Amino acid sequence: MVTDLVVALGKSSVQGQTFIGCNLYGDPNALPELIRYDEQEHAAGEVIPLGDLTIPQVKNTFRIQGCRQPHDWGLRLGCNEHQVAIGVTHWQSKLPPASAGLNGTDLVRLTLERGASARNAVDVLTDLIERHGHKGDHVFLIADGREAFVLEAAGKYWALIQCHQMRALADCALIRQDWERLSRGLAEHILAQNWWPDDGSKLDFIGSLGDPALASPLALKRWSRATLALAGQEGALDGLVLRQLLAEHCEQFQQLSGVAPTLCSSIILELSADAEHPLMFWHANHATGAGIYYPFTLNALIPEQSHGLTQRTLVREVQEHMQAQFDHETEQFLTQVRSMTCKMQKRVAAQEFHQRQWERWERLTSGRKEASLPKPKRTRADEMLSFVSE
């Protein structure tokens with residue numbers, strides 16, 4: 001699956017939030033699924049079987065929500081109750097493929113279940129790689145309401161850089177001599193392979209592990225275009241601007257590639273430095289042509305319903321009206337919650353908010369003027385949700 005990610009920290013946004021935007025492209029017959037796992041307490045000695053690996057379970061795992069490919073255990077992009085978000089893309093190094101270890105999406109889910117802040121999540125992620133290994137070459141974006149980091153990994157080796165304002169990621173690695181931390185043993189391995197001169201100069205991560213023949217020119221162009229687009233919005237970024245940026249980036253991708261890659265999903269996360277402020281998770285399923293961003297929070301149960309939705313079912317004017325209603329009610333909900341001090345009140349308000357949006361969605365997608373609908377049911381931890389899948 002091809003992935004484009006952007007992150008903008010508080011100084012770059014209008015109201016000081018951290019924004020993460022994501023476009024997921026892939027097989028229209030294997031669309032990404034939106035899924036949620038509730039927080040859980042685990043018994044001592046419990047383990048997680050992942051292929052040939054057995055991972056020790058921690059005592060408590062956090063509530064998380066994210067996007068995954070069908071039948072995957074891990075997540076392509078997700079967030080947790082502590083407003084930590086992680087996304088993953090891939091690249092190709094010149095290291096031989098590892099025969100064992102965790103894959104990129106497994107690492108995203110495990111880290112979200114255990115990381116209470118972006119900085120803590122970095123430590124969790126690197127510890128998982130060092131203890132259990134890592135299959136493939138991946139780029140991870142780790143962020144919360146205050147900080148953001150990029151970790152580029154090639155097998156068991158990795159380099160880390162902190163994002164201080166804005167950054168775009170595509171399916172390519174970009175850390176050179178600007179790294180802030182390196183994995184143990186990486187420098188020794190590179191020098192032993194004569195991939196970097198042993199002259200005391202600072203090691204170049206991509207210059208030593210990367211192979212120009214394996215690099216994707218298209219991914220580098222997508223990264224360059226996204227970087228320029230972000231720079232043009234510095235200090236003015238909000239959810240509406242980011243939606244437009246993601247839409248334009250998709251159009252540019254199609255122009256650059258000469259084909260029309262299937263845009264499966266777009267996701268926007270709004271993270272706050274205030275842990276009591278609701279995290280907003282906006283998800284648009286583009287496979288149906290609607291592209292409406294549906295609002296979620298982690299403080300409410302998710303309705304387990306899905307609907308066939310086509311462009312003919314909702315004409316453009318109806319889509320725009322529906323999106324405007326979602327945006328307006330979300331702003332009202334956030335204003336209401338800011339004045340609350342009781343966590344239970346916030347959860348009730350979030351559930352009522354979700355109920356209203358779900359009923360509106362039901363009415364418009366079914367074409368009914370009035371709707372008599374059951375309340376959303378609580379989902380099991382392993383059940384998936386796809387609001388607009390065909």
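The structure is a predicted model, in which local features need pLDDT of at least 70 and side-chain atom pairs count only at pLDDT 80 or more, while totals for chains, interfaces and linings use all residues. Residues are numbered from 1 along each chain as its sequence is written, and side-chain values use heavy atoms, with hydrogens and water left out.

**Confidence**

- The mean pLDDT of the chain (pLDDT being the predictor's confidence in each residue, from 0 to 100) is 85, and 88% of the residues reach 70 or more.
- Over residues 304-313 pLDDT stays under 50, and the model has 34 contacts beyond four places in sequence for this stretch, a contact meaning heavy atoms within 4.5 Å.
- Residues 368-390 also have pLDDT under 50 throughout, with 70 contacts beyond four places in sequence.
- Where pLDDT is low, the predicted coordinates should not be read in detail.

**Overall make-up**

- The chain holds 8 helices and 19 strands, which are DSSP runs numbered from the N terminus (helices H or I, at least four residues; strands E, at least two).
- Of the 390 residues in the chain, 52% are buried, where buried means under 20% relative accessible area, exposed over 50%, and partly exposed in between (1.4 Å probe, protein chains only).
- Among contacts between residues at least 6 apart in sequence, 67% join residues at least 24 apart.

**Salt bridges**

- The whole structure contains 14 salt bridges, each defined as a side-chain nitrogen of Lys or Arg within 4 Å of a carboxyl oxygen of Asp or Glu.
- Arg347 and Glu39 form one of them, with their closest N and O atoms 3.9 Å apart; because Arg347 lies in helix H8 (residues 343-366) and Glu39 in the loop between strands E3 (33-37) and E4 (40-41), the pair ties together parts that are 308 residues apart in sequence.
- Arg347 is partly exposed at 38% relative accessible area, and Glu39 is partly exposed at 35%.
- Arg109 and Glu113 form a salt bridge with closest N and O atoms 3.1 Å apart, and they are 4 residues apart in helix H1 (residues 104-114), so about one helical turn separates them.
- Arg109 counts as buried at 10% relative accessibility, and Glu113 is buried at 6% relative accessible area.
- Arg184 and Glu130 meet in a salt bridge of 2.9 Å, N to O, linking the loop between strand E15 (181-182) and helix H3 (186-192), where Arg184 lies, to helix H2 (residues 118-132), which holds Glu130, 54 residues apart.
- Arg184 is exposed at 69% relative accessible area, whereas Glu130 is partly exposed at 35%.
- Asp4, Asp171 and Arg222 are joined in a network of salt bridges.
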